[in-house]
Amino acid sequence: MLLAELEIRHSRAVAPTRRVALGTQWLPTDPLPGYGGILLGGIVSRYLPEIDLELQAEFMDLTDDLEDGRRISQPRLRHRFQTDVVGLDRSRHKLIGPGESVSFEFDSHGRPVPQLLGALYAAARVHPEARPSMYFAIRKAARWAGPVDERLVSHLSDPTSTPPNSWRLFPTDERWALQVLGFGPDGRPEREEIQTRFRTLLRDSHPDHGADAEGAGLRILELTEARRILLP
């Protein structure tokens, strides 16, 4: 039985262009976040680990921008979002299951970034009352460290499961941001210094570079928020 479905249109993997659009989507949201929110969360958990850390930080920024209804400049994550689907390849992702058994069915023919962008832009198209729950599910999925299976489904559908640490909850003062990025409280570093320090600390915070896996996600969120404060 088909429970939710999202078709993402994108440039072919061998094409020099990087374009993304939305195709057919069926994302039920009742009860929140619904099967639609679970599917979007599954897409995020499946593809987010496949992109580099700097793009992961940009993904977090775009999540905030879309949920808040801000004007989205293009491109984002090095891809341009559009409505025209002519000439674009397609990836179709489904949430399926008879009865109590629910599973993901991913069908990707392109890079991971278009799949992630498709999930974020699709969440922005649901009814405004359901949108916060969809993005909440996406954030929970972004912090998920386990397999993308029925355990993730339970995590996303259970409102009592541990919520994600929100980068919005961190202090938003400049002194805190300078400290997080390792700068002294006096003076203001140049833009290029901030970017260089951010990239270095982001790389060093990743378990693939020797950092402790526990707490790595929160550390990346802190670095992303600190950069945002210093580079408005």
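**Figure 1. Arg-227 touches Ala-57, Asp-61, Leu-181, Ile-194, Gln-195 and Phe-198, leaving out residues up to four places away in sequence.** Contact here means heavy atoms within 4.5 Å. The model is predicted: local features need pLDDT of at least 70, side-chain atom pairs count only at pLDDT 80 or more, and totals for chains, interfaces and linings use all residues. Residues are numbered from 1 along each chain as its sequence is written, and side-chain values use heavy atoms, with hydrogens and water left out. Arg-227 lies in helix α8, residues 216-230. Helices (H or I, at least four residues) and strands (E, at least two) are DSSP runs, numbered from the N terminus. Arg-227 counts as buried because its relative accessibility is 9%. Buried means under 20% relative accessible area, exposed over 50%, and partly exposed in between, with a 1.4 Å probe and protein chains only. Glu-225 is also found in helix α8. Glu-225 is buried, at 7% relative accessible area. Its C-alpha lies 9.5 Å from that of Met-60, although Glu-225 and Met-60 are 165 residues apart in sequence.

**Figure 2. Helix α2 spans residues 53-67.** α2 has 15 residues and reaches 21 Å from its first C-alpha to its last, close to the 21 Å expected at 1.5 Å a residue. The expected span is 1.5 Å times one less than the number of residues. Most of α2 is covered: 13 of its 15 residues are buried. Asp-52 caps the N-terminal end, with a side-chain oxygen 2.8 Å from the backbone nitrogen of Leu-55. Just after α2, Gly-69 takes a positive phi of about 75 degrees. An α-helix has 3.6 residues a turn, so residues three or four places apart point the same way.

**Figure 3. The second largest pocket holds about 340 Å³ of space.** Its lining has 14 residues, and Asp-61, Asp-65, Arg-76, Arg-227 and Leu-231 lie nearest the centre. Two or more lining residues come from each of α2, α7 (191-204) and α8. α2 gives the most, with four residues. By type, the lining has two nonpolar, two polar and 10 charged residues. Ala, Val, Leu, Ile, Met, Phe, Trp, Tyr, Cys and Pro count as nonpolar; Asp, Glu, Lys and Arg count as charged; the others, Gly among them, count as polar. The search uses a 1 Å grid over the protein atoms alone and a 1.4 Å probe; a pocket is an open set of points with protein on both sides within 12 Å along at least five of seven lines, and lining residues have an atom within 4 Å of a point. Points are joined across faces, edges and corners, and the volume is the space filled by probe spheres set on them.

**Figure 4. Arg-76 sits in the loop between α2 and β3.** Arg-76 is buried, with a relative accessible area of 15%. Neighbours within four places in sequence aside, Arg-76 is in contact with Asp-61, Leu-62, Asp-65, Leu-117 and Tyr-121. Arg-76 is also among the residues nearest the centre of the second largest pocket.

**Figure 5. Backbone features include a cis peptide bond from Gln-74 to Pro-75, with omega near 0 degrees.** Pro-75 is in the loop between α2 and β3 (80-81). Leu-77, in the loop between α2 and β3, has a positive phi of about 50 degrees although it is not a glycine. Leu-77 is buried, at 2% relative accessible area. Arg-78 also lies in the loop between α2 and β3. Its phi is positive too, about 65 degrees, although Arg-78 is not a glycine. Arg-78 is partly exposed, at 46%. Another cis peptide bond joins Leu-32 and Pro-33, with omega about 0 degrees. Pro-33 lies in the loop between β2 (19-26) and α1 (34-47). Most residues other than glycine have a negative phi, and most peptide bonds are trans.

**Figure 6. Arg-188 lies in the loop between α6 (174-180) and α7.** Arg-188 is partly exposed, with a relative accessible area of 43%. Its side chain makes a polar contact with the side chain of Glu-174, at 3.2 Å. A polar contact is a pair of N or O atoms within 3.5 Å; within protein, one must be able to donate a hydrogen and the other to accept it, and residues adjacent in sequence count only if both atoms are side-chain atoms. Arg-188 and Glu-174 are 14 residues apart in sequence and 9.7 Å apart in space, C-alpha to C-alpha. The side chain of Arg-188 also reaches the backbone oxygen of Leu-230, at 2.5 Å.
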